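Here is a brisk tour for a first look at a protein chain. Keep the sequence and the model side by side as you read.

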Amino acid sequence: MDANYLREVLGTGLTEGLAEVAELRPLDPIDYLAHWLYKYNDNLEMQRQDKAVEAELSIGMDAYLKERAIQEQVAQELEAMQQMYRTQQLTEAATVPDAQSNSIPSSPKDVTGAEWMSQASPPLESTSSLVPPGWEGEPELETVTEEH
C-alpha cells in the first residue's frame, strides 16, 4: 500500500533521478539526487505555467480572429452600401436635367449636413446582418422636463 503511494507520487521523477545518479556517479549521490529532484519539480511547474499561458494565448487568438472576421464583414457591407449609394446617385443623375446633374455629389463625404437633409431620396435598404429588420434609423427620443 505504501509502495503504490510512492509509485504514484514519486514514480517518474525518482526513477529518472536515480537513473541519472547511476549514470554520472557523483561524489555525493544523495545531495546530487536532492538537487536534481528540486530542479525536476521546478521544471514541472514551468511546464504547467507554459501550458496555462499557451491556453490563454489560444483563447485570445480565437477572440482576435472572430473580431477580425466581424470587422471584415462590416467593411464588405460598408463597401456594398457605398456602391448602392453610387448606383442610386448615377440613376438619379441620369433622370435629372443636366443643370442639376452637376450638383449631385459622388459620395456622402462631399455633402454638407444641410445639403444632405435637403435631398429628397428614399432611404436605402439595409443589407447589413448587424442591423435588425425594420430598423428605420435613429430611435425617437423623449424630451423630459423638470417641473418645480
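## A buried tryptophan

W36 is buried, because its relative accessible area is 15% and the cut-off for buried is under 20%. This is a predicted model.

W36 also has an aromatic partner. The chain counts one aromatic pair. That pair is W36 with Y40, and the two rings are stacked. Their centres lie 5.3 Å apart, with 15° between the planes. Why do the planes, 15° apart, count as stacked? Planes under 30 degrees apart fall in that class, so 15° qualifies. Both residues sit in helix 2, which covers residues 29–95. W36 and Y40 are four residues apart, or about one turn of the helix. An α-helix has 3.6 residues a turn, so residues three or four places apart point the same way.

## The overall layout

The chain has 148 residues, and buried residues make up 9% of them. Its secondary structure comes to four helices and zero strands. Read from the N terminus, the order of elements is α-α-α-α.

The average pLDDT is 79, and 68% of the residues score at least 70. Which elements have the highest and the lowest mean pLDDT? Helix 2 has the highest, at 91. Helix 3, residues 98–101, has the lowest, at 50. Where pLDDT is low, the predicted coordinates should not be read in detail.

## Helix 2 end to end

Helix 2 has 67 residues. From its first C-alpha to its last, helix 2 reaches 97 Å. That is close to the 99 Å expected at 1.5 Å a residue.

Which residues of helix 2 are buried? They are L33, W36, Y40, E77, Y85, Q88 and Q89. The stacked partners W36 and Y40 are thus both on the buried list.

## Three salt bridges

How many salt bridges does the chain have? The count comes to three. One joins the side chains of E45 and R48, at 3.0 Å from N to O. These two residues are three apart in helix 2, which means about one helical turn separates them. E45 is partly exposed, at 38% relative accessibility.

Another salt bridge links R68 with E72. Their closest N and O atoms are 3.4 Å apart. R68 and E72 both lie in helix 2, four residues apart, again about one turn.

E79 is partly exposed, with a relative accessible area of 42%. R86 is partly exposed too, at 31%.

## The start of the chain

Now turn to helix 1. L6 lies in this helix, which covers residues 2–24. L6 is partly exposed, with a relative accessible area of 45%. L6 also belongs to a nonpolar patch on the surface. The patch is formed by Y5, L6, V9 and L10. Together they have about 390 Å² of accessible area.

Where does R25 lie? R25 is in the loop between helix 1 and helix 2. Its phi is near 50°, a positive value in a residue other than glycine. R25 is exposed, because its relative accessible area is 69% and the cut-off for exposed is over 50%. W36, by contrast, is buried at 15%.

Conventions. Residues are numbered from 1 along each chain as its sequence is written. This is a predicted model: local features need pLDDT of at least 70, side-chain atom pairs count only at pLDDT 80 or more; totals for chains, interfaces and linings use all residues. Side-chain values use heavy atoms; hydrogens and water are left out. Rings of Phe, Tyr and Trp (its six-membered ring) pair if their centres lie within 6.5 Å; planes under 30 degrees apart count as stacked, over 60 as edge-to-face and the rest as tilted. Buried means under 20% relative accessible area, exposed over 50%, partly exposed in between (1.4 Å probe, protein chains only). A salt bridge is a side-chain nitrogen of Lys or Arg within 4 Å of a carboxyl oxygen of Asp or Glu. pLDDT is the predictor's confidence in each residue, from 0 to 100. Patches are made of residues with over 30% relative accessible area and no salt bridge: like charges are joined within 9 Å, nonpolar side chains (Val, Leu, Ile, Met, Phe, Trp, Tyr) within 5 Å. Accessible areas come from the Shrake-Rupley method with a 1.4 Å probe; for residues, only the protein chains shown count as cover. The expected span of a helix is 1.5 Å times one less than its number of residues.
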